[in-house]
Amino acid sequence: MEREALLSHLVHPGDRAPAPGALELVQAFVNTVDREHGPDLLDDDAGLEDWLERRMLPADLAPGDRERARAVREALRAVLLANNGEPRDPAAQDALERAARRARLEPAFPPDGATLVPRADGVDAALGRILATAFTAMLDGSWARLKACPRDVCGWAFYDRSTNASATWCSMRVCGGRVKAGAYYRRRRAADH
Ligand SMILES: [Zn+2]
């Protein structure tokens, strides 16, 4: 995928529509890498800075920020894989809770609705905004439809709009078709029956 496509988050396998409302921020963050073909925006500080700028979360990077951002991104991906029927990863929960503490997320009660606000600065605050968005989606139920594609080289985050929330692959044609004959599909079918 082109770097610009990762920055804009306008290109989606299977022509799926992005996640609704604010949840698209979380999806876009998980999708800052094309794991199969590259690039990974978090391979260098400029990539993360550019992405944060586009998302109106501008921050100057300090040492260690990018590594922490990557850890949060991959923890979110693990949770989205669990939304898709993969085993839960307790380390992912720890990573998200650690990042939330670092962001110093605090409840706020403005007239337009209760929310969590990061009291930290810089990248920690930007990560806090992403985590606060995920938190809200977990409460309103929209979270369960945000899934990561289980093909090992893919992991793309997609929003499942199917009637029964039964979609597995980011794209039936790309990922679904490639693994259908393989071991993953047999294991998955065995688990379903
Ligand atoms: Zn996929």
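A residue counts as buried when its relative accessible area is under 20%. Keep that cut-off in mind while reading this predicted model.

**The zinc site**

Start with the metal. Which residues coordinate the zinc ion? Cys149, Cys154, Cys170 and Cys175 do so, each through its SG atom, at 2.3 Å. Along the chain, these donors follow the spacing C-x4-C-x15-C-x4-C. The angles that the four donor atoms subtend around the zinc ion run from 105 to 118°, so the arrangement is tetrahedral. Cys170 and Cys175 are both buried.

**Helix H7**

Cys175 also belongs to a helix. It is one of the buried residues of H7 (residues 172-179), together with Gly176 and Val179. Looking down the axis of H7, these buried residues fall within an arc of 90°, which means that they line one face of the helix. Arg173 and Arg178 sit on the other side of H7, and there they are exposed. An α-helix has 3.6 residues a turn, so residues three or four places apart point the same way.

**Helix H3 and its cover**

Now turn to H3. Its buried residues are Gly47, Leu48, Trp51 and Leu52. They span an arc of only 130° around the axis, so they lie on the same side of H3. What covers them? The cover of these buried residues includes helices H1 (3-8), H2, H4 (65-82) and H6 (122-140). Just after H3 comes Met56, with a positive phi of about 55°.

**One aromatic pair**

How many aromatic pairs does a search of the whole structure find? The search finds one. Phe29 and Trp51 form this pair, and it is tilted: the centres are 5.3 Å apart, with 45° between the planes. Phe29 lies in helix H2 (residues 23-30) and Trp51 in helix H3 (residues 45-54), so the pair ties together parts that are 22 residues apart in sequence. Are the two partners buried or exposed? Phe29 has a relative accessible area of 1%, so it is buried. Trp51 is also at 1%, and therefore it counts as buried.

**A hairpin of two strands**

The model also has paired strands. E1 (residues 105-108) and E2 (residues 115-118) run antiparallel and are joined over four bridges. Leu105 has Pro118 in E2 as its bridge partner. Six residues separate the two strands of this hairpin. In the turn, Gly113 has a positive phi of about 130°.

Most residues other than glycine have a negative phi, and most peptide bonds are trans. Some places here depart from that pattern.

Where is the cis peptide bond? The bond joins Gly38 and Pro39, and its omega is about 0°. Pro39 is found in the loop between H2 and H3.

Definitions and conventions: Residues are numbered from 1 along each chain as its sequence is written. This is a predicted model: local features need pLDDT of at least 70, side-chain atom pairs count only at pLDDT 80 or more; totals for chains, interfaces and linings use all residues. Side-chain values use heavy atoms; hydrogens and water are left out. Donors are N, O and S atoms within 2.8 Å of the metal (3.2 Å for Na, K and Ca); water is not among the atoms, so sites may look incomplete. Four donors count as tetrahedral if all angles lie between 85 and 135 degrees; four count as square planar and six as octahedral if opposite donors are over 155 degrees apart and all others between 65 and 115; anything else is irregular. Buried means under 20% relative accessible area, exposed over 50%, partly exposed in between (1.4 Å probe, protein chains only). Rings of Phe, Tyr and Trp (its six-membered ring) pair if their centres lie within 6.5 Å; planes under 30 degrees apart count as stacked, over 60 as edge-to-face and the rest as tilted. Two strands pair if DSSP finds at least two bridges between them. The arc is that of the directions from the helix axis to the C-beta atoms. Contact means heavy atoms within 4.5 Å.
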